[in-house]
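Please look at the sequence and the model below before reading on.

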Amino acid sequence: MSTLEKTSESNLLEKPPSSGMNSIQSEAFKRSLLWHGILFCTLGFILGLLIPLYANPRAGLAAHALSITQGMFLAIIGLSYPYLKLPLWIARASFWSFLISAYIGVIGQILAAAFALVRIFPMTGQGLPEGPAWLETAVEIPTKLMTTFLLLACFVILYGLRQTKSGSASPEESI
């Protein structure tokens, strides 16, 4: 074994493996979030066509707007993934938090429109009688949990986008 091979091998053994995202992983997260974002926008456009058919058309309009908004939000978050400085497991957890939260929120709003649910969506259900108690509760609990996970994931992304000393720009390059 040559001296160069011994030196490179010892350097590999001394360095702990990086637990952060590599470029291939961040691109995979980015592509997936972009795909789901476009899916949500497409779903939102379809939901807009169905507004007159809902038991609560105002909630149908809210489902339409929420789906398009969630789609754009997921796409923007996806575009930020290559810039994140996070361990892989935290990046993966925030990815799933964003994705699951988006699906739960839109599904909850669609159910509110279809079954005229009012407990969790008082603005869109004004003047309507409350829907079946079991369905109101089945939509209310995941929707409230989704909000918590979504906020937590947003804080994680903000933390991951911070500038570190090793990644900070020189004074001439900073904004």
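## The chain as a whole

Of the 175 residues in the protein chain, 36% count as buried, where buried means under 20% relative accessible area, exposed means over 50%, and partly exposed is in between (1.4 Å probe, protein chains only). The accessible surface of the chain is about 11,000 Å², and 71% of that belongs to carbon and sulfur atoms. These areas come from the Shrake-Rupley method with a 1.4 Å probe, and for residues only the protein chains shown count as cover.

This is a predicted model, in which local features need pLDDT of at least 70 and side-chain atom pairs count only at pLDDT 80 or more, while totals for chains, interfaces and linings use all residues. Residues are numbered from 1 along each chain as its sequence is written, and side-chain values use heavy atoms, with hydrogens and water left out.

## Helices and contacts

The protein chain has five helices and zero strands. Read from the N terminus, its elements run α-α-α-α-α. Helices (H or I, at least four residues) and strands (E, at least two) are DSSP runs, numbered from the N terminus.

A contact means heavy atoms within 4.5 Å. Among the contacts in the chain with a separation of 6 or more, 71% are between residues 24 or more positions apart.

## The nonpolar cores

A nonpolar core is a set of buried Ala, Val, Leu, Ile, Met, Phe, Trp, Tyr and Cys residues joined through side-chain atoms within 4.5 Å. The largest one here has 21 residues, and those with the most contacts inside it are Met 21, Phe 29, Leu 33, Leu 74, Tyr 81 and Phe 98. Two or more residues each are given to this core by helix H2 (23-49), helix H3 (57-80), helix H4 (88-115) and helix H5 (133-160). H4 supplies the largest share, seven residues. Apart from this core lies another, of 11 residues, including Leu 47, Tyr 54, Ala 59 and Leu 117.

What does Phe 29 contact, leaving aside its neighbours within four places in sequence? Its partners are Met 21, Tyr 81, Leu 88, Ala 91, Arg 92 and Phe 95.

Two packed helices are described by the angle between their axes and the distance between the axes. Axes are lines fitted to C-alpha atoms, for helices over the stretch in contact, and angles run from 0 to 180 degrees between N-to-C directions. Angles under 35 degrees count as roughly parallel, over 145 as roughly antiparallel, 65 to 115 as roughly perpendicular and the rest as oblique.

H2 and H4 pack at about 5°, with axes 11 Å apart, which means H2 is roughly parallel to H4. By class, this contact has 14 nonpolar, three polar and one charged residues. Here Ala, Val, Leu, Ile, Met, Phe, Trp, Tyr, Cys and Pro count as nonpolar, Asp, Glu, Lys and Arg as charged, and the others, Gly among them, as polar. H3 and H4 pack at about 170°, with axes 8 Å apart, so H3 is roughly antiparallel to H4. The contact of H3 with H4 has 14 nonpolar, six polar and no charged residues.

## Buried residues in the helices

His 36 lies in helix H2 and is buried, with a relative accessible area of 14%. Not counting residues up to four places away in sequence, His 36 touches Leu 74, Leu 99 and Tyr 103. His 36 and Gly 78 are 42 residues apart in sequence and 9.5 Å apart in space, C-alpha to C-alpha.

Ile 68 is in helix H3 and counts as buried at 15% relative accessibility. Leaving aside neighbours within four places in sequence, Ile 68 contacts Phe 40, Cys 41, Gly 44 and Phe 45. Gln 109, in helix H4, is buried at 6% relative accessibility. Beyond residues up to four places away in sequence, Gln 109 touches Ala 59, Ala 62, Ala 63, Leu 66, Phe 121 and Thr 124.

## A positive phi

Most residues other than glycine have a negative phi. Ala 116 has a phi near 55°, a positive value in a residue other than glycine. Ala 116 is found in the loop between H4 and H5. Is Ala 116 buried or exposed? Ala 116 is buried, with a relative accessible area of 13%.
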